[in-house]
Every structure is written in structure tokens, then in C-alpha cells.
Amino acid sequence: MKKLAAILCLSALTTGAFAQGLVTFLNSSTTLSSATVNGTSAATSGAPGAYYYALLLAPAGTTDPKAFSFPAGGLYATNIAAAGRFNGGANLTAAGWAAGASMSYEVAIWSASLGHDWQAGWLQGNFPGAPAGSVFGLSAIATGISGGAGSPASPAYNLFGGATGISTGFNAGPAGGGIVPEPTSMALAGLGAAALLIFRRRK
Amino acid sequence: MGRKNVQFIFKKSLTGPSLFAIVNAHTVNTNYKNMRTKALLSVAAIAASAISAMAQGNVYSLNIVGYATVTVPAGFSILANPLSAGATNGANEIGLTIDSEQILTWNPANSSFNFVSFDSTLGIGTGWIDAQLNPSSPPSLPPGKGFFFFNPGTTATNITFVGQVVPGPGAANSNSLPLIPGFSMIGSPLPANVTNISSAPVSLPLINSMQVLTWNNATSKYVYSSYDATLGIGTGWIDANLNPITAPGYSIGQGFFFFNPGNQTAFWNQSLP
């Protein structure tokens with residue numbers, strides 16, 4: 001009988017692994033979001049709802065920011081009163097992310113002028129009819145293991161901070177100019193342009 | 001005062017009154033379940049008098065030994081061993097041996113629990129088994145390490161931890177518990193009850209965006225508390241909906257999940273008052 005009870009307990013531990021994962025969608029004072037408007041970058045501010053955020057998922061190890069997607073029933077967040085801070089909630093069920101599974105993720109930010117619902121085309125740089133001053137951007141990519149697995153459940157995974165969460169702030173730039181490149185990408189592009197110029201002069 | 005290098009141990013017997021009157025006179029109430037800060041202060045007073053004796057030329061080895069009885073309800077609880085039982089601090093050494101009990105320790109590398117159960121009726125090895133019912137060994141549970149304990153009974157039971165208070169008094173009267181980035185399952189190495197977990201002598205450090213997750217046995221859910229002074233909400237302690245809350249308290253033998261939001265190890269420093 002005790003053996004049976006032990007086996008039942010173990011099965012409960014295993015079945016928990018197939019539930020939806022739990023995450024906490026709240027950034028910290030060291031992972032602030034910012035926006036560049038009219039050439040000036042500042043921490044996001046304004047009444048809650050001025051900026052929206054979405055959790056985009058991809059298989060663990062994905063490095064191409066365009067390869068991420070927003071699952072049906074995915075998670076949103078919005079800015080809060082404190083500058084640069086946003087909150088979607090704690091202990092949230094993350095659609096498309098099984099409990100205890102490892103996935104890569106990034107967070108998209110956009111201004112309310114683009115609407116509050118995620119549009120897949122934004123990742124490809126398509127912002128049809130975007131009003132002037134609209135901004136869009138992506139966080140760095142991180143990989144983590146969601147909570148909610150087993151019984152008792154593992155704690156909700158923090159998308160920001162800790163050993164594996166997103167550890168840096170991120171910026172939203174003018175929408176319509178394609179995906180806002182990361183500083184390293186911009187540096188590489190600059191180097192490439194310089195190399196081309198030198199090559200043309202030598203010719 | 002001619003004694004030199006004398007082992008000077010304050011000890012309370014678990015099974016009955018001590019044979020030596022001097023021990024009783026210097027023994028604190030080591031039923032730590034109900035132990036209060038005042039009791040701990042008296043421990044400190046004893047330590048201080050002993051230290052004073054040392055200053056007069058004699059050398060003593062100082063230990064505060066006792067036991068802590070913690071009541072655990074049926075089902076899961078998060079506990080932490082408040083006393084050091086020695087080098088291994090194995091679960092078998094600190095009194096956690098009830099048939100069909102389970103001990104789950106946290107593995108931060110893969111964000112999951114390591115499962116060990118004790119069942120002498122299965123006839124497997126020493127009674128300790130893993131999740132596949134293979135023979136296993138009792139986990140090491142030194143002071144400061146939290147763990148889930150499953151009480152298989154239908155009613156609450158008492159678990160008695162036995163050992164030495166850390167940090168011990170004397171020159172090295174401080175203790176530093178590493179708080180790794182991300183989640184760790186911990187408890188106060190120093191046995192004390194406080195209404196605010198960051199108050200002395202428990203003194204959990206305050207780090208912006210840190211989280212303390214305690215376990216509610218009745219609802220089988222975590223109770224979420226976070227601290228973030230930069231949000232400008234109340235005293236800095238907030239719940240999962242960013243509402244202001246009072247700081248969580250701490251009871252002897254209690255364990256909890258701690259989230260270090262930084263990417264560097266922080267330290268939980270404690271010292272005897």
C-alpha cells in the first residue's frame with residue numbers, strides 16, 4: 001500500500017511537468033526600459049498603458065530575434081508609475097511554455113500609438129500606418145526554465161534578473177525603421193560601412 | 001580559575017533533566033519553537049560572560065547546544081535546520097525519519113527538486129530511496145539550507161532538530177550564507193523568531209527586486225513577498241499585485257525560497273547580538 005502511495009506521489013511529480021509553466025513578468029531597477037523619441041532616449045514614463053510589452057517565445061537556443069513568436073493567449077505587460085518599470089504580474093501561466101521546460105524568450109516593447117495588441121509583422125519591420133512618434137524595440141534574448149513543475153510546484157520563473165533572466169535594460173526606437181538593432185549590430189554595420197569606403201578610395 | 005583548555009559546553013538533555021545543576025543554571029530554553037528574541041539574548045548574555053571569562057586569561061571552547069522542536073502539519077512544509085548536528089548534518093542525524101516522509105531539496109542548476117524519501121517498510125537499503133525507488137542516502141541539511149518536508153500523516157507531527165547554534169559565540173561570532181543569483185531554498189542559520197525578517201538577529205539583507213516565497217500548507221501555494229524600495233510603494237515590501245504589505249516574519253526552523261535578482265552572489269550575514 002505504501003509502495004502504491006509512493007508511486008502515486010511520483011506520478012504526480014511527473015504529470016506536473018506537462019502543465020503550463022509559471023513566470024513572473026516584472027522588470028527591476030537594473031533592467032529598465034527606455035524609448036527614443038525625437039532623438040532623445042529616456043526611461044519610459046507616462047500613465048500605465050502608455051507602453052505595452054509582450055513575451056515572445058522560441059525553442060531554447062534560438063538567437064535570431066525575428067524567429068520568436070507570441071503564442072495564443074500569450075502574456076502582456078504595461079508600464080507602471082515608476083519610470084522605466086513595467087509589470088505583467090507574478091505567478092502567471094505562460095501559454096506555449098510547458099512547466100519545467102527550457103525556452104528562449106525576448107520581450108517586445110511598443111508605444112500605445114501602435115495599438116495594444118501584438119502584431120507579428122512588427123518583428124519583420126512592418127508598421128503600416130504607424131503614427132509619428134511611435135516606437136518599438138526588443139530586449140536581449142534569455143533562456144530559462146519555467147516554474148510550476150511538479151508537486152509542490154517549482155516557483156515561478158523570473159523573466160528578469162537572477163542567474164538566467166534578462167539582465168540589461170532595453171530601448172524602443174522609432175517604429176517603421178525596421179527592428180531596432182542592438183548596439184553591437186550597429187557597431188558592426190559601422191565597421192562594414194567604413195571598410196567599404198576605404199575599399200572604394202583605394203580603387 | 002585554574003582550568004585551561006576546558007571544554008565548556010552548555011547543554012540540555014533531550015530525555016530529561018541534566019545530572020549537573022550548573023548545566024541547568026546556564027541552559028537556555030532550547031524549545032526553539034516558542035523561543036523568542038529575549039531567550040536568544042539570554043544565550044548571548046551567557047556567551048558574553050563566557051567571553052569575559054576568556055579575557056581573564058582562561059581559554060574555553062564555547063558551544064551552545066540544544067534542540068528545536070518544530071510542528072509540521074500534514075502535507076508539505078518548507079523547513080530549514082536551525083542547528084548544526086556536525087560535519088554531515090544528514091537528515092537521519094537531525095531527526096527526520098518518519099516512514100513515507102519525503103525531503104525535496106532545490107537544484108538551482110535545472111530549477112527542479114531532488115527527491116529523497118524514507119520508508120523502512122519497503123526493505124530497500126537503509127530505507128532512504130530516490131524517485132525511482134532506488135536506494136539513496138539522506139540529504140545533507142546544514143543550517144541555512146531550506147527543504148520541502150512531506151509529512152505523510154493525517155495530523156501534525158513534531159520534528160526535533162538537535163545540535164549546536166551557529167554562529168557560535170566568541171571571536172568568530174558571525175555567519176555568512178551565500179545567496180546565489182536566482183532562486184535558492186534557505187532558512188536562517190541562526191535560530192530566532194522575528195516579526196520582520198530583516199530585523200536582527202535574523203537580518204535578511206534587503207536587495208531591490210528580491211523575493212521571499214514562503215509556503216502556505218493550507219492552500220499548497222507560495223506566499224509571494226518582494227522588496228523594492230525604488231518603486232516608492234509603502235515600506236518597499238509588496239505583494240504579487242504590487243500592493244504594499246508588511247515585511248514577512250520568520251520562525252525558527254522555517255525555510256523559504258529566496259530570489260536574488262542580481263547576477264552576483266550576495267551574502268546573508270548574521271552575528272550573535
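How many salt bridges does a search of the whole structure find over all chains? I looked this up before anything else.

**Entry 1: ground rules**

I am working on a predicted model, where local features need pLDDT of at least 70, side-chain atom pairs count only at pLDDT 80 or more, and totals for chains, interfaces and linings use all residues. Residues are numbered from 1 along each chain as its sequence is written, chains are lettered from A and ligands numbered from 1 in the order in which they are written, and side-chain values use heavy atoms, with hydrogens and water left out.

**Entry 2: the salt bridge**

The search over all chains gives one salt bridge, meaning a side-chain nitrogen of Lys or Arg within 4 Å of a carboxyl oxygen of Asp or Glu. Arg85(A) pairs with Asp228(B), and their closest N and O atoms are 2.8 Å apart. I traced the pair between chains: Arg85(A) sits in the loop between S5 and S6 of chain A, and Asp228(B) in the loop between S12 and strand S13 (237-238) of chain B. Strands here are DSSP runs of E with at least two residues, helices are runs of H or I with at least four, and both are numbered from the N terminus.

**Entry 3: the interface**

I then took the contact between the chains (heavy atoms within 4.5 Å). Chain A puts in 29 residues and chain B 37 residues. About 2,500 Å² is buried between chain A and chain B, 68% of it on carbon and sulfur atoms; buried area is the accessible area, with a 1.4 Å probe, that two parts lose on being put together, summed over both.

I counted five residue pairs in polar contact between chain A and chain B, both residues at pLDDT 80 or more. The rule for a polar contact is a pair of N or O atoms within 3.5 Å; within protein, one must be able to donate a hydrogen and the other to accept it, and residues adjacent in sequence count only if both atoms are side-chain atoms.

On the side of chain A that touches chain B, helix H1 (2-15), S1 and strand S6 (86-98) each supply at least two residues. H1(A) gives the most, with seven residues. I sorted that side of chain A into 16 nonpolar, ten polar and three charged residues. In this sorting Ala, Val, Leu, Ile, Met, Phe, Trp, Tyr, Cys and Pro are nonpolar, Asp, Glu, Lys and Arg are charged, and the others, Gly among them, are polar.

**Entry 4: Phe70(A)**

I found Phe70(A) in the loop between strand S4 (51-59) and strand S5 (76-79) of chain A. Leaving aside neighbours within four places in sequence, Phe70(A) is in contact with Ala54(A), Leu55(A), Leu56(A), Leu75(A), Tyr76(A) and Trp118(A). Gln119(A) is 49 residues from Phe70(A) along the chain, and their C-alpha atoms are separated by 8.7 Å.

**Entry 5: backbone**

I noted a cis peptide bond joining Ser151(A) and Pro152(A), with omega about 0°. Pro152(A) lies in the loop between strand S9 (142-145) and strand S10 (157-158) of chain A. Another cis peptide bond joins Ala200(B) and Pro201(B), with omega about 5°. Pro201(B) is in the loop between strand S10 (182-186) and strand S11 (210-216) of chain B.

I also looked up Asn89(B), a residue other than glycine with a positive phi, near 50°. Asn89(B) is in the loop between strand S3 (75-80) and strand S4 (101-107) of chain B.
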